[in-house]
Amino acid sequence: MLQKTYDNIDNIGRAILSVKARDVHNKELAEIIYPNGKKTFAQVIALNGEDVTLQLFGGGFGVSTDCKVRFLGKPLQVGFSEDMLGRVYSGNGQPIDGGPELLSDMVRAAGPSINPVKRLIPKEMIRTGVPMIDVFNTLVRSQKIPIFAKAGEPYNRLLANIATQTDADVIIIGGVGLKYDEFHYFRQQIEEAGSKSKTIMFVHTHRDSIVEGLMVPDLALAVAEQFALQGKNVFVLLSDMTQWSDYLRQVANAQDQIPANQGYPGDLYSQLASRYEKAADIDGAGSLTILGVTTMDDVTHPVPDNTGYITEGQFYMKDGYLELFGSLSRLKQQVNDKTRADHRSIMNAMARLLSEAEERVKAQKFGSVKDDYSLRLLDYRETFKRELMDPFRYLKLEDALDLCWDILSQHFKKEEVGLSSELIENYWPEKGKFKILREVNHE
Amino acid sequence: MQKAKGKVVSVNESLVGVVCTEGAIMNGEVAYIQIEDGKRLKSEVIDVKPNNMAYLQVFEDTSWMKVGDLVEFTGLPLAVKLGPGILGSVTDGLQNPLYELAKIEWFLERGLEVDPLDENQKWYFIPKVTKGDMVTGGSILGSVPEKIFEHKIFVPFSLYGNYTIDQVVKEGDYTIDDIIAVISDSQGNTTELKMAFEWPVKTAMPFYKRSVPERSMPTGIRILDALFPIAYGGTACNPGPFGAGKTVLQHSLARHSQADVVIIAACGERAGEAVEVFKDFPELIDPRTGKSLMDRTYIVGNTSSMPVAAREASVYLATTVGEYYRKQGLNVLILADSTSRWAQALRETSGRKEEIPGPEAFPMYISTLISAFYDRAGVEILSDGIVGSLSIIGTVSPAGGNFDEPVTQATLLSTGAFWGLSRALSDARKYPAIDRVDSNSKYPSLLHQDEVTFLLQLLRDGKTIASNILLMGEKGITDEAYIRYQKAELLDAVFLQQNSFHEVDGVTDPNRLRTMFNMVKDIIDAPVSITGKAEIRSHFNFIRQAFLDWNYLKADTEAFDKQKAKLITLVNKKSYATENV
């Protein structure tokens, strides 16, 4: 196709440019050619008569009215080949690890979603060795689930741990708005775990333009989807989707869109959903699991709020612990009846008692907690936190379940835990004979 | 009307500006945009502007569209095809059957359209009219067996006035494309009739005769059936923050509600949830019909990553199909999940049209649209005296879990029951996490009104005493108050809470609800003569344990009766003890 070049740029913003041009396609890719010959990419995002609005991958700074715009006659694509494994790419799809550029097939980014009838019901547990996940909020193959945490929590460590401790065939890391040391950390973790040869990174750091940051999930997911279609079980890590949403807000604002909540565009939900929904267990092929990070202070903020409605639960991390309340795996019911007979029941009993204990914590502040049962609940809460909530303690699921029984029997009588008589008979430890729990010295 | 033509002049995501080059355009008509790769994208006129301009909302991805692309208007509003073959199927928001689409492409590529109803399937038609009979729109021509019932074949509802039957086919196998009757009006103009016809989705079907919802519809969910019921033909608003159990509740309703037909409108929600339904339901047997649960189910799936503009269509599509089955004399239940996503789709389009925004940037007219939607539910007395009903349960996903937002508020004004989901309850694993005190319903319960009041009073007392315990500790309240508190906790634990994943506890039929309620009432009424908080708590712990064990046993079994006796013994052990001493 003939590539047309235009030089009548009207308007240059922080991330947006408009130019007069004809016969341009919506979402077409373009090149901005600087007077000195340098080139950056841009993509058409709106058409109005001859006015064409483009989103600038390199940002608007330094673009001048004597730059030229060349429309490339193709949509946004990303390379796909097995040789990409082990490599690092930027948000515009170019390698940034010093290695050679690859000649590979191009696949479309941000393509349509898979027909729901081609999806399988997720039925396969992913063992992570993290008790708060395996016991209480089991991760399931093809799940989409983010970690909700304040900035500064060790969420990237947990993300890298989960990806490398499980049996993923391919790991794809999409870093959006990463600090350089976080990027470095991911690389190091992957290498130390010996997973480099099955990992591809798409990385956007703070020195890159926000539009490149916006592209990262689409590139990562498009490549991941291709591996999944080849029958691989793929893990995609996206960190941090709050920054991504912030970039979306900036671009929407630059386009004069009417903001909905806290300045975010009205389509924030749909934008997040079209990325997270790429997670799927595909009938006749492989699977795509998404683990994300959503940094937040308050769960009612538009980004975690919209995310929560889209993803299949969330892991809530606070003060370095994985919390029980606020965490949820929507798919756990698909698998936790096939692990061990007591799994579901003990999970619920532990949670109910912890919730009772939480009520006492409030009451304790009024100084009104003096009775023996309440005091035992509060002790139980301490043990629970110490023994189970550390996201970096590795325990096999079965050991973690035994540990739960140990903890219950340490603090409660059989009739206090609300479990069926049959389960109690089978699993209640004999007095003082714990399987996993070690006595803690209370000095 | 002459079909109009036009050209694209602007493209902004799903909103496309078009200038009409010939013919007249109608607000609400369907148009197709022809793009360079040959695909035709379905769209709908949503605004007509000066200088022959119109705005279209496109139901597909608008990538690769160009200024100057040709637009063909159809002159017809967005419509649904009604006829035998809908039950058991899964379609997108524009009635394309998803299983058929999957045979063409694994991904939902744009520009694909498939006939909504299988045109090859033969249906055994039994005529009920003969030559010379007078008919009008909505008259019954005959019937075909469809899965669980006799599907009536109507004269299309859009035909007004009187017609005479000129011809009608003999009893036998026909497809929906075969002509089964020919009718003529008084001027002698003839019309050929098939078993299926179209109806515009945004037009509510007129009621033959409308009645009010006053018969409760058992859902198998105790807290609803006892305290916050829904009626046949009623409406309910089910808002809740994410993670409070909306999805599980919806699935439970879809499985266990005593409706004849269940329509699930998965609007802008996770694809996985719809998948669970249409992959699980065919395997499940509906105890009421003895047939597959899927046989009474129709799923409209416009999930969150499908084109946003089609969300609105998916809600109206479900409603129109619901109205059609109500005309069949059936009790239909629509589960619309989630109406907030529909509202958000309207917000996106409204924003692109640069309309002046209302609260939280939703369009000003959102409340009117929501009310009009719920008004399509109701009880209908049909021409043959048979009663059909359409109930709508709409979930709402309020931003930040805050019920003060516009969609929740508009829904509350239009519905008869309010089931507010609470994060505090779901954190405490008290499922279903429907707020026990703030929810309400104006429909009749399966229990008597005074029994409902009795339960609600205990729950309110329990809540008050709980807050006193929080402030003053267990020692700060009397044993008597503590017993009342324990009774309220017991009521919650053994009656209101329900394990929807358990085969037996997951569904409670009206008989068992009555048995359980009587037991609960006996326990609450029984005086407890124990002193000391620890002893009182222990007593109720034993009762709770025994009651929960009972809940998991199948009714009318020996074990069930034995456990019941054990429970009664436990309760009686500690009452009247004082008199004995």
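Biologist: In which crossing, left-handed or right-handed, does α10(A) pass α11(A)?

Modeller: This is a predicted model. In it, helix α10 spans residues 372–388 of chain A and helix α11 spans residues 397–411 of chain A, and their axes come within 9 Å. As for the hand of the crossing, α10(A) passes α11(A) in one that is right-handed.

Biologist: Are α10(A) and α11(A) roughly parallel or roughly antiparallel to each other, and why?

Modeller: The axes of these two helices of chain A cross at roughly 155°. Angles over 145 degrees count as roughly antiparallel. The relation of α10(A) to α11(A) is therefore roughly antiparallel.

Biologist: Which residues of α11(A) make the contact with α10(A)?

Modeller: The axes of α10 and α11 of chain A come within 9 Å. From α10(A), the contact draws on Arg376(A), Asp379(A), Tyr380(A), Thr383(A), Phe384(A) and Glu387(A). The residues on the side of α11(A) are Leu403(A), Ile407(A), Gln410(A) and His411(A).

Biologist: How does α9(A) stand to α11(A), and what is the hand of that crossing?

Modeller: Helix α9 covers residues 343–365 of chain A; its axis and that of α11(A) come within 11 Å and cross at roughly 45°. That angle makes α9(A) oblique to α11(A). His343(A), Ile346(A) and Met350(A) of α9(A) meet Leu401(A), Cys404(A) and Trp405(A) of α11(A). The hand of this crossing is left-handed.

Biologist: How far apart are the centres of domain 1 of chain A and domain 3 of chain A?

Modeller: The domain assignment divides chain A into domain 1 (5–75), domain 2 (79–335) and domain 3 (343–427). Taken over C-alpha atoms, the separation between the centres of domain 1 and domain 3 of chain A is 60 Å.

Biologist: What percentage of residues 129–318 of chain A is helix?

Modeller: UniProt, in an unreviewed entry, gives residues 129–318 of chain A as "domain: ATPase F1/V1/A1 complex alpha/beta subunit nucleotide-binding". The end C-alpha atoms of residues 129–318 of chain A are 19 Å apart, and strand accounts for 25% of the chain there. The share of helix is 43%.

Biologist: What percentage of residues 27–73 of chain A is strand?

Modeller: An unreviewed UniProt entry lists residues 27–73 of chain A as "domain: ATPase F1/V1/A1 complex alpha/beta subunit N-terminal". The end C-alpha atoms of residues 27–73 of chain A lie 10 Å apart, and helix makes up 0% of the span. The share of strand is 60%.

Biologist: How far apart are the C-alpha centres of domain 1 and domain 4 of chain B?

Modeller: For chain B the assignment gives domain 1 (5–77), domain 2 (82–104 + 207–441), domain 3 (123–195) and domain 4 (449–580). Between domain 1 and domain 4 of chain B, the C-alpha centres are separated by 63 Å.

Biologist: Which residue of β14(B) is the bridge partner of Trp123(B)?

Modeller: An open antiparallel sheet of chain B has the order β12-β11-β9-β14. Its β9 (123–127) and β14 (172–174) pair over three bridges. Phe125(B) has Gly172(B) as its bridge partner in β14(B), while the partner of Trp123(B) is Tyr174(B).

Biologist: Which element gives the largest share of the side of chain B that touches chain A?

Modeller: The contact takes 68 residues from chain B and 61 residues from chain A. Elements of chain B that give two or more residues to this side include β1 (5–12), α6 (339–352) and α13 (533–551). The largest share is nine residues, and the element that gives them is α13(B).

Note on methods
Residues are numbered from 1 along each chain as its sequence is written. Chains are lettered from A and ligands numbered from 1 in the order in which they are written. This is a predicted model: local features need pLDDT of at least 70, side-chain atom pairs count only at pLDDT 80 or more; totals for chains, interfaces and linings use all residues. Domain bounds come from an automatic or database domain assignment. UniProt positions are given in the numbering used here, feature names are shortened, and annotations may be inferred rather than shown by experiment. Helices (H or I, at least four residues) and strands (E, at least two) are DSSP runs, numbered from the N terminus. Axes are lines fitted to C-alpha atoms, for helices over the stretch in contact, and angles run from 0 to 180 degrees between N-to-C directions. Angles under 35 degrees count as roughly parallel, over 145 as roughly antiparallel, 65 to 115 as roughly perpendicular and the rest as oblique. A crossing is left-handed if the near helix is turned anticlockwise from the far one by less than a right angle, and right-handed if clockwise. Two residues are in contact if their C-beta atoms, placed from the backbone, lie within 7 Å. Two strands pair if DSSP finds at least two bridges between them.
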